[in-house]
Amino acid sequence: MGNILEVKDVAKYFGGVKALDGVSLTVPERGVIGLIGPNGSGKTTLFNVVTGFYVPTRGEVWFRDERIDGLNPNEVYLKGVVRTFQIPRLFSSLTVLENVLLTPPRQEGESVLKAPFTKKWSDQEVSLAKKAVTLLRKFGMGDLINSKVAELSAAHMKMIETIRGLMGDAKLYLLDEPAAGVAYDTAVDLFRFIRKLRDEEGLTFFIIEHRLEVLMDFVDYVYVLHNGKLLAEGKPDEVVQDPKVIEAYLGG
Ligand SMILES: Nc1ncnc2c1ncn2[C@@H]1O[C@H](COP(=O)(O)OP(=O)(O)O)[C@@H](O)[C@H]1O
Ligand SMILES: [Mg+2]
């Protein structure tokens with residue numbers, strides 16, 4: 001099988017800061033691929049370039065056989081690339097369910113946000129709501145469905161951000177630190193679920209995660225960024241033993 005994503009010699013400069021400095025990597029179809037590196041190494045910037053939030057200073061981004069650098073975020077999203085954010089972007093005055101139902105891709109008709117306030121739900125809205133409830137229950141948040149997001153813990157907000165990302169019918173999911181601030185057991189459940197989505201639905205995941213002890217059991221392959229460049233890549237057990245990688249993490 002081919003690659004769903006190909007990043008070719010991508011650079012992104014902010015003034016004198018080389019956030020990315022010539023990164024090339026591929027994500028295979030149906031992969032669960034990790035992206036790690038110390039703080040400030042360029043991970044989130046790479047996701048921003050891939051999803052159209054930033055135009056790269058140099059280089060190309062390909063989604064299957066289409067070049068996508070230069071497209072805007074909505075155009076990239078409509079191709080089937082969905083991301084989540086390191087800091088959850090949720091509406092605190094809305095409920096958990098309303099937040100999860102916000103803007104799934106390719107919805108027919110009007111915004112699903114309006115659905116809770118209309119008398120009659122369409123079939124599509126009902127099936128999306130069912131999917132949302134199923135996902136929330138699966139992650140132990142069934143009791144919180146009607147809670148206001150403002151009342152939740154940071155860990156729950158993080159989970160809801162990730163679950164919202166999984167609501168669509170995208171092909172490639174970019175998850176930015178899905179397990180940050182989440183209890184170990186919940187993080188393991190989340191990664192098991194991601195593997196299941198790959199195995200049963202054929203989805204592809206590219207995952208930034210700081211918590212290596214969780215990530216390493218669940219990814220097929222890992223890329224390591226350091227100072228905007230690729231420092232190492234390989235199978236998780238190889239990468240964690242790589243002296244270059246250990247030094248980068250210890251040296252900061
Ligand atoms: N919008 C921006 N403007 C200026 N500098 C930025 C911007 N975004 C990121 N950077 C810088 O680029 C580098 C990489 O940041 P980032 O991609 O957020 O790293 P990571 O996600 O690996 O922690 C850092 O030095 C950061 O300060
Ligand atoms: Mg980041």
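This is a predicted model: local features need pLDDT of at least 70, side-chain atom pairs count only at pLDDT 80 or more; totals for chains, interfaces and linings use all residues.
Modeller: The expected span of a helix is 1.5 Å times one less than its number of residues.

Colleague: What makes the reach of α4 close to the expected one?

Modeller: Helix α4 has 16 residues, for which 22 Å is expected, and the reach from its first C-alpha to its last is 22 Å. Helix α5 (residues 154–165) can be judged likewise: its 12 residues reach 17 Å, close to the expected 16 Å. Just after α4, glycine 140 takes a positive phi of about 70 degrees.

Colleague: Which residues of α4 are called buried, and why?

Modeller: Buried means under 20% relative accessible area. In α4 the buried residues are Gln124, Glu125, Leu128, Ala129, Ala132, Val133, Leu135 and Leu136. Their cover includes α3, α5 and α6.

Colleague: What do the buried residues of α5 pack against?

Modeller: They pack against β6 (81–83), α3 (96–101), α4 (123–138), β7 (172–176) and α6. Among these buried residues of α5 are Met159, Ile160 and Ile163.

Colleague: How do you know that leucine 136 is in contact with residues beyond its neighbours in sequence?

Modeller: Contact means heavy atoms within 4.5 Å. Leaving aside neighbours within four places in sequence, leucine 136 has such contacts with Val96, Leu97, Val100, Met141, Gly142, Ile145, Ile160 and Ile163.

Colleague: Why is a set of residues called a nonpolar core, and how many residues has the largest one here?

Modeller: The members must be buried residues of kinds such as Ala, Val, Leu and Phe, joined through side-chain atoms within 4.5 Å, and a set that meets these conditions is therefore called a nonpolar core. The largest one has 51 residues, and Leu136 and Phe205 have the most contacts inside it. Helix α6 (residues 184–201) gives the most to this core, namely 7 residues. At least three residues come from each of domain 1 and domain 2.

Colleague: How far apart do the C-alpha centres of the two domains lie?

Modeller: The domain assignment gives domain 1 (1–80 + 170–252) and domain 2 (92–169). Their C-alpha centres lie 26 Å apart. The contact takes 21 residues from domain 1 and 15 residues from domain 2.

Colleague: Why is strand β8 described as largely enclosed?

Modeller: In β8 (residues 204–208), 5 of the 5 residues are buried, so the strand is largely enclosed by the rest of the structure. Thr204, Phe206 and Ile208 point one way, whereas Phe205 and Ile207 point the other way.

Colleague: How do you know that β8 pairs with β3 and with β7?

Modeller: Two strands pair if there are at least two bridges between them. Strand β3 (residues 32–36) is joined to β8 by 4 bridges, and β7 is joined to β8 by 5 bridges. Both counts meet that condition, so each is a pair. Each of these pairings is parallel. Glycine 34 has isoleucine 207 as its bridge partner, and leucine 172 stands opposite threonine 204.

Colleague: What makes β2 and β5 edge strands?

Modeller: The open sheet has the order β2-β1-β4-β5, with antiparallel pairing. Strands β2 (17–28) and β5 (66–67) each pair on one side only. Strand β1 (residues 3–14) and strand β4 (residues 58–63) pair over 5 bridges, and glutamate 6 has tryptophan 62 in β4 as its bridge partner. Helix α1 (residues 43–50) lies across β1, β2 and β4, at about 115 degrees to β1.

Definitions and conventions:
Residues are numbered from 1 along each chain as its sequence is written. Chains are lettered from A and ligands numbered from 1 in the order in which they are written. Side-chain values use heavy atoms; hydrogens and water are left out. Helices (H or I, at least four residues) and strands (E, at least two) are DSSP runs, numbered from the N terminus. Axes are lines fitted to C-alpha atoms, for helices over the stretch in contact, and angles run from 0 to 180 degrees between N-to-C directions. Buried means under 20% relative accessible area, exposed over 50%, partly exposed in between (1.4 Å probe, protein chains only). Domain bounds come from an automatic or database domain assignment.
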